[in-house]
Amino acid sequence: NVDKGLNVLVPVLRENHSATTIHLEDSGEEAVISVAQEIARESSQVRVLQMKGNSILRRGAQAIGEMLENSKSILQFGFCHHNLSLDDISFISHGLRHNQSLKSLDLMGNSLNDFSLAILSKALSD
């Protein structure tokens, strides 16, 4: 049950300052939002976040953008095999534009078009 898993995962992330890597795969939007919010906290030590095939929807994309904007710890972010809309790309790009710590970004399997890639490239170059 995803809700039970979230009830365990979120407090662990909040209290365990030694967790440095998280792999979140095939989870729902609430899991994505909760994990992104915890990583955005100042006390987070998560350096590597791998998300694959999760359901993100609009709120999830907003949470990921805010995480990227506010996280001072995240060095590697893998966001693979999601069906990203142009709005999702915009939220994520906004976060990338303001992120100072990210060193590696993996967007494999997102079927990004030229326009989406241009938005992401502009954000990364800023």
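Axes are lines fitted to C-alpha atoms, for helices over the stretch in contact, and the angle between two axes runs from 0 to 180 degrees between N-to-C directions. The legends below describe close-up views of a predicted model.

**View 1. Helices H3 and H4 pack with their axes within 7 Å of each other.** The two axes cross at roughly 10°. Angles under 35 degrees count as roughly parallel, and H3 is therefore roughly parallel to H4. On the H3 side, the contact is formed by Leu57, Arg58, Ala61, Gln62, Ile64, Gly65, Leu68 and Glu69. These residues meet Asp87, Asp88, Phe91, Ile92, His94, Gly95, Leu96 and His98 of H4. Sorted by class, the contact of H3 with H4 contains seven nonpolar, five polar and four charged residues.

**View 2. Helix H2 (residues 29-40) passes helix H3 (residues 57-70), their axes coming within 8 Å.** The crossing angle is roughly 15°, which makes H2 roughly parallel to H3. The crossing of H2 past H3 is left-handed. From H2, the residues Glu29, Glu30, Val32, Ile33, Ala36, Ile39 and Ala40 take part in the contact. Their counterparts in H3 are Leu57, Arg58, Arg59, Gly60, Ala63, Ile64, Glu66, Met67 and Asn70. By class, nine nonpolar, two polar and five charged residues make up the contact of H2 with H3.

**View 3. A salt bridge joins Glu30 and Arg59.** Side chains of opposite charge can pair when their charged atoms come close. In this pair, the closest N and O atoms are 3.0 Å apart. A search of the whole structure finds six salt bridges.

**View 4. Helix H4 (residues 86-98) and helix H5 (residues 114-125) cross at roughly 15°.** Their axes come within 8 Å, and the crossing angle makes H4 roughly parallel to H5. The crossing of this pair is right-handed. H4 contributes Leu86, Ile89, Ser93, Leu96 and Arg97 to the contact. H5 contributes Phe115, Ser116, Ile119, Leu120, Lys122, Ala123 and Leu124. By class, the contact of H4 with H5 holds eight nonpolar, two polar and two charged residues.

**View 5. Four strands form an open sheet with parallel pairing.** The strand order is S1-S2-S3-S4. Strand S1 (21-25) and strand S4 (104-106) stand at the edges, each with a single partner strand, so one side of each has no neighbour in the sheet. From one strand to the next, the twist averages 5°.

**View 6. Strand S3 (residues 76-80) pairs with S4 in the parallel sense.** Three bridges connect these two strands. Within the pair, Phe77 stands opposite Leu105 in S4.

How values were computed. Residues numbered from 1 in each chain as written. Predicted model: local features only at pLDDT ≥ 70, side-chain atom pairs only at ≥ 80, totals over all residues. Heavy atoms only, no water. Pairing = 2+ DSSP bridges. Parallel < 35°, antiparallel > 145°, perpendicular 65-115°, else oblique. Left-handed = near helix turned anticlockwise from the far one by under 90°. Contact = heavy atoms within 4.5 Å. Nonpolar A, V, L, I, M, F, W, Y, C, P; charged D, E, K, R; others polar. Salt bridge = Lys/Arg side-chain N within 4 Å of Asp/Glu carboxyl O.
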